[in-house]
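Colleague: Can you walk me through this model? Please keep the terms simple.

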Amino acid sequence: MQGENLEHAKEASTIILHNGEMVRPSIIRARQATFISPGILAIITLLALPCISLFAVAFMTRGQYGEILFEPTFGNIRRLLGFGYFGWSADNLLILWRSVVVAFVTTALCIVLSYPLAFFLAARPAKTRLLWLTVLLIPFWTNLVIRTYAWLLVFDSDMPFARIMAWLGLMEPGTSAYPSQFAVYVGMVSVFLPFVALPIYTAVEKLDWSIVEAAVDLYSNKWRVFRHAILPQTLPGLSVGITLTFVPAMGMFVVPDMLGGARYMLIGNLIQQQFGTSRDWPFGAALSLVLMILTLGALMATSGKRKKGRA
Amino acid sequence: MKRCSIGSSIGSVAIFIFLYLPMLSVAVFSFNASKMGLKWGGFSTEWYEKLVHNQMILNAAWNTLVLAVTSTFISTIIGTMLAIGMFRFPWSRRAMNKLNVLLHLPVVTPDIIFAVALVIAFSVIRYMTGLFELGMASMIVGHVTFQISFVALAVKGRLELIGHDVEEAACDLYAGYWRVLTRVLLPMLMPGIVAGAMLAFTLSLDDFVISFFTAGPKSSTLPLFIYASVKRGITPEIHALSTIIMLATICTVAFMQKMAPGAKH
């Protein structure tokens, strides 16, 4: 309504009522511009424009000393698709595929673990519930590097885990359980679990139990109760959890770097390499571009689901 | 009807063990007397004493704190202004949609793309002005950029709760705009601003990726220091440092939960 007010007041001489104050529209415009400009300028110049510039940098050439030359080329895209100096290799595409698979499996595992946790939290009496939530929030707020580092310790060859695995014959005696694919998944799930569990808990807390009871009264088995009475009601929370996990999991580089080693790289590690040791920004930009497009795709897919969930 | 089956309870306890076991092992081994490996060699607080005398760690801790405090201070001001500007003023629907996209951009961008974008932006600025080497200043700017949106969204939540009536009453009583802003609107927004600032502070302490990309050679923070040390192998000193950081996190989270608006229910 106020917006219309402002648009109807054509000239600067008109005076309108804004939040109880009689002012000229031009003053209102000056004020709103002043309020938003520092924040919006920072986001545009430091994030939005550089993200758009990735489209340009991805098609430039790397100079001999790692500088960017303004010579347009498709070399980075070709390299990403695996056409190198020594013929075609699947390495880069494999890393890309692996990133998507790791993100997908991590999200799925987190969802499976989150439901029992959410029901457990929601069933706590009001007095202790806040305490339990805090217990879940502490790992969520603990620094990522420290939490990943802690897994290095647990997986060390001297610790019980590696000894039991060696005793069972699943690992060589005297070796650590990292770097390995298994260690990466354990690390990823432990990092992202709270991101899924908290939104699902919020949905479970608001659950309309009469629908669940009705389903049970009508002799639904456990799976059908979950599928038809619980899942539709928790879908909004679930889709928030999926977005919060799948998107950052694709770009994660700390966990695979520390627990996966050089043989289990994800796209995040590859990007970090280009901006770090390799100093090949154009190729790094091409990789970032791919990750950005994958992110947008994932965001669009889950936001579509969220709208359907509401209807 | 039972709302939580025995299976869920056992599963949840197992999940909590899964989340806490690694952190607890770090805490336990920080008191291990033996220097090499992970064999228990008796109780000792030697590593905590060494920590206090390690100049590199003290520097990193100081840098972490300076970074978090400065960036939180700046982003709280800019974020609050952004929230007031966006949600207390009339905007056309199209302008609002665009502003909303920009506001949510830092929230949805994956860390690593954010870091790459900052690195590119800083190098362009350096190329054009010759100033702005990577270091503490660039880290602060980077942290502020991702904190702004979180502060603005926290303040927005508060703005939606309070109506326009008090401001209108103040205007009717001939308060000028500045007075309305500083004496009426900001005090009413204070819970949202404090929540936003606390969120920004914890986000800064928690960040690794953006610091890793935008840090200079002299501006190491604690997470960066730990990451670099792990590459050289795990030592009891790092266990002790991690334990202290984990304790600090527990205190911060407990404090935030106490301060949170919903805490009384």
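Predicted model: local features only at pLDDT ≥ 70, side-chain atom pairs only at ≥ 80, totals over all residues.

Colleague: Which domains does the assignment give for chain A?

Modeller: Domain 1 (2-57) and domain 2 (83-310); the bounds come from an automatic or database domain assignment.

Colleague: How far apart are the C-alpha centres of the two domains of chain A?

Modeller: The centres of domain 1 and domain 2 of chain A lie 39 Å apart.

Colleague: And how much area do domain 1 and domain 2 of chain A bury between them?

Modeller: About 470 Å², 88% of it on carbon and sulfur atoms. Buried area is the accessible area (1.4 Å probe) that two parts lose on being put together, summed over both. In domain 1 of chain A, A:Leu54, A:Phe55 and A:Val57 lose the most area to domain 2, together 89% of what that side buries.

Colleague: How many salt bridges cross that interface of domain 1 and domain 2 of chain A?

Modeller: Zero by the rule, which asks for a side-chain nitrogen of Lys or Arg within 4 Å of a carboxyl oxygen of Asp or Glu.

Colleague: New topic. Is A:Thr148 buried or exposed?

Modeller: A:Thr148 is buried, because its relative accessible area is 2%, and buried means under 20% (1.4 Å probe, protein chains only).

Colleague: What does A:Thr148 touch?

Modeller: Not counting residues up to four places away in sequence, A:Thr148 touches A:Val254, A:Val255, A:Met258 and A:Leu259, where contact means heavy atoms within 4.5 Å.

Conventions: Residues numbered from 1 in each chain as written. Chains lettered and ligands numbered in written order. Heavy atoms only, no water. Buried < 20%, exposed > 50% of the residue type's maximum accessible area, 1.4 Å probe, protein only.
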